[in-house]
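Here's a quick briefing to read alongside the structure. Keep the 3D view open and find each piece as you go.

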Amino acid sequence: MAEDAVLGFLEKNEEISDSGEFAAEHGIDHNDIVNIVKSLHGFRLVDAQDIKREKWVLTDEGKIYAAAGSPEVQLFSAIPPEGISREELQRKVDPSVYKIGCSQAMKNKWVEMGKQLVSRKVQNVDDKVKDLLLKIQDGEAIEQDDIEALKKRKLIAPQIWKGYSVRKGPNYAPKRKKVATDLTRENLQRGDWKELEFKEYNFSAKGQPTEGGHLHPLLKVRQQLKMIFLQMGFEEMPTNNFVESSFWNFDVLFQPQQHPARDSHDTFFLQAPSTTKTLPEDYVERVKRVHEFGGYGSRGYGYDWKREEANKNLLRTHTTAVSSRMLYLLAQKPFAPKKYFSIDRVFRNEAVDRTHLAEFHQIEGLVCDRGLTLGDLIGVLHDFFSRLGMSKLRFKPAYNPYTEPSMEIFSYHEGFKKWVEIGNSGMFRPEMLLPMGLPEDVRVIAWGLSLERPTMILYGIDNIRDLFGHKVDLGLIKKNPICRLGID
Ligand code: PHE
């Protein structure tokens with residue numbers, strides 16, 4: 001109806017100058033006219049220009065007086081011709097009507113407030129305020145002075161009114177032709193597709209947001225790292241066992257049983273099952289011996305090595321536990337060089353703060369071959385890290401129970417303008433490799449780093465709890481971009 005009214009009017013008239021007046025004249029809700037004009041404008045059947053007007057509307061207080069009369073008139077009406085005591089008058093009207101009514105009626109010189117008696121000073125009064133409020137409610141114009149007075153009493157407030165002036169558009173027609181949005185089987189069968197007018201494609205329409213899953217930043221960075229390792233010819237180690245025995249996590253790595261990392265303050269030990277069932281017995285014997293007495297040119301630690309300690313199950317504290325298992329397996333066959341990597345979860349009993357979590361991911365790489373040197377380690381690290389976009393590296397001597405020499409790895413961060421520690425590395429000790437049964441001239445170079453650290457740097461996240469755990473912002477996960485390492 002609104003559509004016919006607009007298009008029909010424009011057929012005979014140049015312009016609808018004011019959609020508000022047009023709606024009132026035709027008895028149509030202005031909102032309906034607005035919606036139709038917007039739609040017709042979209043199809044360019046009409047051209048519409050915005051009109052904005054400041055309009056006055058009644059406040060809640062104004063609405064009350066428009067219905068019940070102004071407080072001054074209510075008060076006046078409550079005063080009988082012979083007058084009334086203040087107390088009685090107060091009892092007859094609302095407290096707010098009494099207060100406002102008295103002051104307005106005094107101002108208008110309608111009443112006299114004597115010490116004892118309140119009495120009328122005039123015979124009759126008109127409720128001008130009520131009349132003005134009703135006019136505003138009906139959209140009628142009133143004098144500027146009256147507007148000011150009502151505004152001052154907070155009975156009316158301005159409101160922006162929006163409407164349109166409307167003219168014919170380039171596609172104007174007295175009736176809108178329904179355009180087809182789809183070509184159906186019926187259209188083809190009936191052959192009416194020849195006559196149909198089709199709606200044009202809107203190539204700039206935004207599509208539906210995709211409902212699919214989203215990869216977590218850690219998974220995206222992990223995928224990139226995996227690609228780098230594979231390109232460098234590394235094989236992935238099986239890391240799908242979070243539970244490990246102390247033997248593989250610590251003992252075979254020549255980590256003494258009194259080492260502070262083996263304390264329950266640093267490591268999560270399992271309650272059930274609390275111990276491992278099987279260990280390779282002859283290898284256990286060689287590990288015990290190297291801890292107690294050394295051998296292979298080492299003096300060992302000279303303490304009483306306890307099997308019970310090695311049996312204890314724990315959540316692996318580093319993926320080097322997997323590397324030790326893999327190297328042991330390698331030693332059981334005729335020797336062949338290997339390059340291994342892993343990226344998976346590890347657990348440490350640590351206080352959680354903005355840079356530490358009790359579980360995180362480690363990236364680990366190792367190369368096992370005859371006659372490798374520290375130079376090979378440095379070379380591999382340069383190759384690996386430059387593929388991550390970190391080509392400026394520095395090394396600092398460090399200590400690990402299972403590597404000698406050991407080096408912390410630092411990279412120059414162009415954004416932070418400083419050297420940041422990015423990982424740890426070293427050459428596995430003979431006390432670790434020889435009891436496994438690897439040939440004497442086989443050396444293993446290895447390094448490890450966290451996955452969280454580079455991910456946080458890449459995604460500009462400064463609190464690890466925003467990246468991992470129950471406080472992660474899922475919106476952020478959905479929106480963040482794909483990751484391409486080493487490309488600026
Ligand atoms: N396992 C070490 C860590 O947890 C990393 C590392 C791996 C160091 C291999 C040297 C060699 O920090």
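Leaving aside residues up to four places away in sequence, Tyr 303 touches Pro 256, Gln 257, Gln 258, His 291 and Glu 292. Keep in mind that you're looking at a predicted model.

- You'll find Tyr 303 in the loop that links helix H13 (281–292) and helix H14 (307–311).
- Is Tyr 303 buried or exposed? Its relative accessible area is 12%, and the cut-off for buried is under 20%, so Tyr 303 counts as buried.
- Tyr 303 and Lys 288 sit 15 residues apart along the chain, and their C-alpha atoms are 9.8 Å apart.

**The three-stranded sheet**

- This one is an open, antiparallel sheet, and its strands come in the order S1-S6-S2.
- Strands S1 (15–16) and S2 (46–58) are the edges: each has a single partner strand, so one side of each has no neighbour in the sheet.
- S2 pairs with strand S6 (residues 156–168) over 13 bridges, in the antiparallel sense.

**The seven-stranded sheet**

- Here the open sheet runs S7-S10-S11-S15-S14-S13-S12, with mixed pairing.
- Strand S7 (235–236) and strand S12 (393–400) are at the edges, each pairing on one side only.
- Strands S11 (residues 359–370) and S15 (residues 442–450) run antiparallel and are joined by nine bridges.
- Within that pairing, Glu 364 has Gly 448 in S15 as its bridge partner.
- Helix H15 (residues 320–331) packs on the sheet against S10, S11, S14 and S15, at about 30° to S11.
- Helix H16 (residues 374–387) lies across S11, S12, S13, S14 and S15, at about 35° to S15.

**Around the ligand**

- How many residues surround the ligand? There are 13, and the closest are His 318, Thr 320, Arg 348, Gln 362 and Tyr 402.
- Thr 320 has a polar side-chain atom 2.8 Å from a ligand nitrogen.
- For Tyr 402, a polar side-chain atom lies 2.9 Å from a nitrogen of the ligand.
- Gln 362 has a side-chain N or O atom 2.8 Å from a ligand oxygen.
- On its own the ligand exposes 320 Å², and the protein buries 91% of that.

Note on methods
Residues are numbered from 1 along each chain as its sequence is written. This is a predicted model: local features need pLDDT of at least 70, side-chain atom pairs count only at pLDDT 80 or more; totals for chains, interfaces and linings use all residues. Side-chain values use heavy atoms; hydrogens and water are left out. Two strands pair if DSSP finds at least two bridges between them. Helices (H or I, at least four residues) and strands (E, at least two) are DSSP runs, numbered from the N terminus. Buried means under 20% relative accessible area, exposed over 50%, partly exposed in between (1.4 Å probe, protein chains only). Contact means heavy atoms within 4.5 Å. A residue is near a molecule or strand if one of its heavy atoms lies within 4 Å of it. A polar contact is a pair of N or O atoms within 3.5 Å; within protein, one must be able to donate a hydrogen and the other to accept it, and residues adjacent in sequence count only if both atoms are side-chain atoms. Accessible areas come from the Shrake-Rupley method with a 1.4 Å probe; for residues, only the protein chains shown count as cover. Axes are lines fitted to C-alpha atoms, for helices over the stretch in contact, and angles run from 0 to 180 degrees between N-to-C directions.
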